[in-house]
Amino acid sequence: MSTPLGIENISTILVIGAGTMGRQIAMTAALAGYATTIQDISEDGLAGARAELEGWAAGRVAKGKLDEETAAAALGALTYNTDLEASAANADFVIEAATERLDIKTQIFERLGKIAPAHAILATNSSTLGSSKVAGATGRADRVCNMHFFNPALVMKCVEVVRHETTSDATVETTMELARRLGKEPVLINREIPGFVANRLMGAVRREALFLADAGVASIEDIDTTARTALGYPMGPFALMDLVGLDVVNFIDQATYAETGAAEDAPNQRIAALVAEGKLGRKSGAGFYDYK
Ligand code: NAD
């Protein structure tokens, strides 16, 4: 059994998936000084990521929030590649942020188990799949865990590090410390549970907000206002669901319900109906609120 590298020896990071999360996780790593590769099967996805990150960096520099040298160094530390084998060959730490499908992730982790250096930790950013679901495919389950960033990953401080039954202490320590070096405030989740901690807390607030709205107690606008003005939330639960995407919320609810079977986890009918109408939140121009 190999052990993961201590944090001091980690210099190259591979992020798999150049979507919403992967591109920002990669930029976070590059800004922290890590040589970072973003791998995606889609050339367009990689081109979109590059354009967005270059635009983001230029915007930060223009606003005086990032100095030009740091921005150039971070952009220079990023490599874009469609080839997983080439990308993983010298990775010290892998963060998988590909499409939320178990078959896709299992295949990626199986390949990583064969091609990534033996010392490499293989982490998944999945919101719903505990890493135990893919760990077995790698042949190094002790070096597999969840490293769950929040959207937008360049901004949000929380990273949930979730261990499964055979994740080693060394893997947990290195992953927690890496998160700190990326400027995050990691929290350790000692065992897998659907939704981990943050989404479970959010789920409880969301369920109550939906109950209050469905019961006609208050409008969604007033419930959101209450969350902001009385509880200090930056955004109310309905506005947040629109931001995350109602399809994503619905998908997470379905996955949680499939796993727990608990009545309180049953997907909300109001959300399901909005999704069926194509109202997915901000990205489609309408959800609980209208954005057109
Ligand atoms: P996304 O749809 O924006 O991006 C997924 C990317 O994965 C796409 O670019 C796609 O081309 C790529 N991909 C698909 N199959 C691949 C493969 N075999 N190899 C390499 N790349 C592949 O998805 P996202 O929202 O960035 O979510 C990615 C992961 O992050 C999911 O596991 C999700 O649960 C998790 N997550 C998402 C959020 C969020 O708010 N969107 C927050 C936290 C965690």
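1. A word on burial to start: a residue is called buried under 20% relative accessible area, exposed over 50%, and partly exposed in between, using a 1.4 Å probe and protein chains only. Please keep in mind that this is a predicted model, where local features need pLDDT of at least 70 and side-chain atom pairs count only at pLDDT 80 or more, while totals for chains, interfaces and linings use all residues. Residues are numbered from 1 along each chain as its sequence is written, and side-chain values use heavy atoms, with hydrogens and water left out.

2. Now to Arg206 and Asp253, which are both buried. They form a salt bridge (a side-chain nitrogen of Lys or Arg within 4 Å of a carboxyl oxygen of Asp or Glu), with their closest N and O atoms 3.0 Å apart. Arg206 belongs to helix α8 (residues 198–214) and Asp253 to helix α11 (residues 246–260), so this pair ties together parts 47 residues apart in sequence. Helices here are DSSP runs of H or I with at least four residues, strands are runs of E with at least two, and both are numbered from the N terminus.

3. Arg207 forms a salt bridge with Asp265, the closest N and O atoms being 3.7 Å apart. Asp265 sits in the loop between α11 and α12 (269–276), 58 residues from Arg207. Asp265 is buried, at 15% relative accessible area, whereas Arg207 is partly exposed, at 38%.

4. The model has 17 salt bridges by this rule. Among them is Lys105 with Glu100, whose closest N and O atoms are 3.5 Å apart. Lys105 is buried at 2% relative accessibility, and Glu100 is partly exposed at 22%. Elsewhere, salt bridges link Glu8, Glu177, Arg180 and Arg181 in a network.

5. Val162 has Ile189 of β8 as its bridge partner.

Note on methods
Pairing = 2+ DSSP bridges.
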